[in-house]
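Please look over the model before reading on.

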Amino acid sequence: MKNSLRMNIVTNLILFLVVVAVGAVCFFPLGVSTAGKLSDRVYYGGDRESSYVSLMFNVYGGDDYLPSILDTLDKYEVKATFFFGGCWADDHGGTVKEIADRGHEIANHGYFHKDQDKLSFEANKAEIETCGALLKTLTGRDILLFAPPSGAYSEKTVDAADVLGYKVIMWSKDTIDWRDKDENLIYKRATENVKSGDLILMHPTECTAKALDAVLQRYKDLELKQVPVSVNIGTQQI
């Protein structure tokens, strides 16, 4: 009788654990994160207690202006973060490798510049994963940051990035240089009320290349240090 009672207890315990496991899958299905609010899982800035700022260049073109941008960054002995579109990087592998070899941070901007807020979890994952695999092949580096094209993301986007080990990066200041081709306006947007922890969005345009020297000089005058995004958000050390 004791053996029978013991068997019943064990059987009931196993059934209880099965029910708990099934319930967990029902409430928290695969591919859906439970790690806090969506806004808490996306970076719109870095360390506000630091003296850091970060220029981030989203690249789906502008290869004519990248050499000037790189030379200006070298002049100030600083490193930036370049978020590459995969379809562009596939055609400009030598440029991507050169930017990596010059010590800049290489990051993911999706493969085809899709509005990822409109994609399924699996489609989001494919966009990020394909681009990341290409960039790793070109540079030999693990790619850890992802910036959604057009700043368009949903919970599925962030979940897909989480599964792949990426931090999702937005911005705190946008120069809108792709639209407004005015170096003075770009300078103003990159420097006005700039503060520690800012992530400043740029693109490799002609006017951005012209404004960059003055932007970096302004940061220097304000004793702000230009660093890669991963340093600013605290996932990497200088």
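How are α2 and α8 oriented to each other? This is a predicted model. In it, helix α2 (residues 66-75) packs on helix α8 (residues 206-221) at an angle of about 15°. Angles under 35 degrees count as roughly parallel, so α2 and α8 are roughly parallel to each other. Their crossing is right-handed. On the α2 side, S68, I69, T72, L73 and K75 make the contact. A209, L212, D213 and L216 of α8 face them in that contact. By class, the contact of α2 with α8 has five nonpolar, two polar and two charged residues.

α4 passes α5 in a right-handed crossing. G93, V96, K97 and A100 of α4 meet L135, L138 and T139 of α5. That contact divides into four nonpolar, two polar and one charged residue.

| Helix pair | Angle | Axis distance |
|---|---|---|
| α2 and α8 | about 15° | 9 Å |

The largest pocket has a volume of about 350 Å³. It is lined by 20 residues, and E105, R141, P228, S230 and Q236 are the closest to its centre. β4 (105-108), β9 (225-226) and α9 (229-232) each supply at least two lining residues. By class, the lining has nine nonpolar, five polar and six charged residues.

Note on methods
Residues numbered from 1 in each chain as written. Predicted model: local features only at pLDDT ≥ 70, side-chain atom pairs only at ≥ 80, totals over all residues. Heavy atoms only, no water. 1 Å grid on protein atoms, 1.4 Å probe; cavity = no way out; pocket = protein on both sides within 12 Å on 5 of 7 lines; lining within 4 Å. Points joined across faces, edges and corners; volume = space filled by probe spheres on them. Helix = DSSP H or I, 4+ residues; strand = E, 2+ residues; numbered from the N terminus. Nonpolar A, V, L, I, M, F, W, Y, C, P; charged D, E, K, R; others polar. Axes fitted to C-alpha atoms, helices over the stretch in contact; angles between N-to-C directions. Parallel < 35°, antiparallel > 145°, perpendicular 65-115°, else oblique. Left-handed = near helix turned anticlockwise from the far one by under 90°. Contact = heavy atoms within 4.5 Å.
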